[in-house]
Amino acid sequence: MAGQAQVAPVTVARNLTTNDLRAALAAGWADFKACPAFGLFFAAIYVAAGLFLYFVLFARDAYLWIIVASAGFPLLAPFTAVGLYEVSRRREAGLPMRWSAILGASRGRGDEQILTMGAILFVAFSFWLMIAHGIFAVFMADAGVGKEGLELFLSGAGLAMLVVGTIAGALIALAFYAITVISLPLLVDRDLDCCTAIIGSLATVRSNTVVMLIWAV
């Protein structure tokens, strides 16, 4: 079929446009208006997790790591959005909206494929924290002596650290965006293994690079 490619049991579109992104946003907004309680609930998880990180880091006098935690936090976001994918799936299929089914969506179809993806994302977040710690150690081993807060980041070494850290974080985020952008909603919608879903996600990003990068932004 024109505009599509077969990747294992997954058909991948090769002709996505920005109109498809507008349609996705419109459909998401329609789902939220139809079932606002679920959207607000999952949004509250993001807010609560962010506040938790904020207060924990300040309590440990590690406020400089807020930037690192904030940059890595989106790596975990796709897994949290699984409940929203299930809301959309059930609404499209005309299924009843039950909290038990939606909150249990992370279990997938009983095969733990989504939980495996969640474990991968958690490892990715841990990997990012280790890289960030290494970058901090390289650039700020001596430069941070006698400096605090914003003054530390505005030093020559601090600015260099932010540049290198931003590039490293962007590359890691892009890699895991490519892995999860299609795979997680695909696992919610179909009975697939996570490897097949990841391959389909990577193929979609590769076949529609510009549009998928716009979606990432």
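Contact here means heavy atoms within 4.5 Å. The model shown in these close-ups is predicted.

View 1. Ser183 lies in helix H10. Its relative accessible area is 0%, so Ser183 is buried. Setting aside neighbours within four places in sequence, Ser183 contacts Met117, Ala197, Ile198 and Ser201.

**View 2. Helix H5 from end to end, residues 82-93.** H5 has twelve residues. At 1.5 Å a residue, H5 should span 16 Å, and its end C-alpha atoms are 16 Å apart, so the two values agree. Just after H5 comes Gly94, with a positive phi of about 75°.

**View 3. The buried side of H5.** Val82, Gly83, Glu86, Val87 and Arg90 are the buried residues of H5. They cover an arc of only 145° around the axis, which means that they sit on the same side of H5. Their cover includes helix H2 (36-59), helix H4 (77-80) and helix H6 (99-103). Helix H7 (113-140) and helix H10 (183-189) are also among the elements that cover them.

**View 4. Packing of H2 against H5.** Two packed helices are described by the angle and the distance between their axes. The axes of H2 and H5 come within 10 Å and cross at roughly 170°. Angles over 145 degrees count as roughly antiparallel, and H2 and H5 are therefore roughly antiparallel to each other. H2 brings Phe38, Gly39 and Phe42 to the contact. H5 brings Gly83, Leu84 and Val87. By class, the contact of H2 with H5 holds four nonpolar residues, two polar residues and no charged ones.

How values were computed
Residues numbered from 1 in each chain as written. Predicted model: local features only at pLDDT ≥ 70, side-chain atom pairs only at ≥ 80, totals over all residues. Heavy atoms only, no water. Helix = DSSP H or I, 4+ residues; strand = E, 2+ residues; numbered from the N terminus. Expected span 1.5 Å × (residues − 1). Buried < 20%, exposed > 50% of the residue type's maximum accessible area, 1.4 Å probe, protein only. Arc of directions from axis to C-beta. Axes fitted to C-alpha atoms, helices over the stretch in contact; angles between N-to-C directions. Parallel < 35°, antiparallel > 145°, perpendicular 65-115°, else oblique. Nonpolar A, V, L, I, M, F, W, Y, C, P; charged D, E, K, R; others polar.
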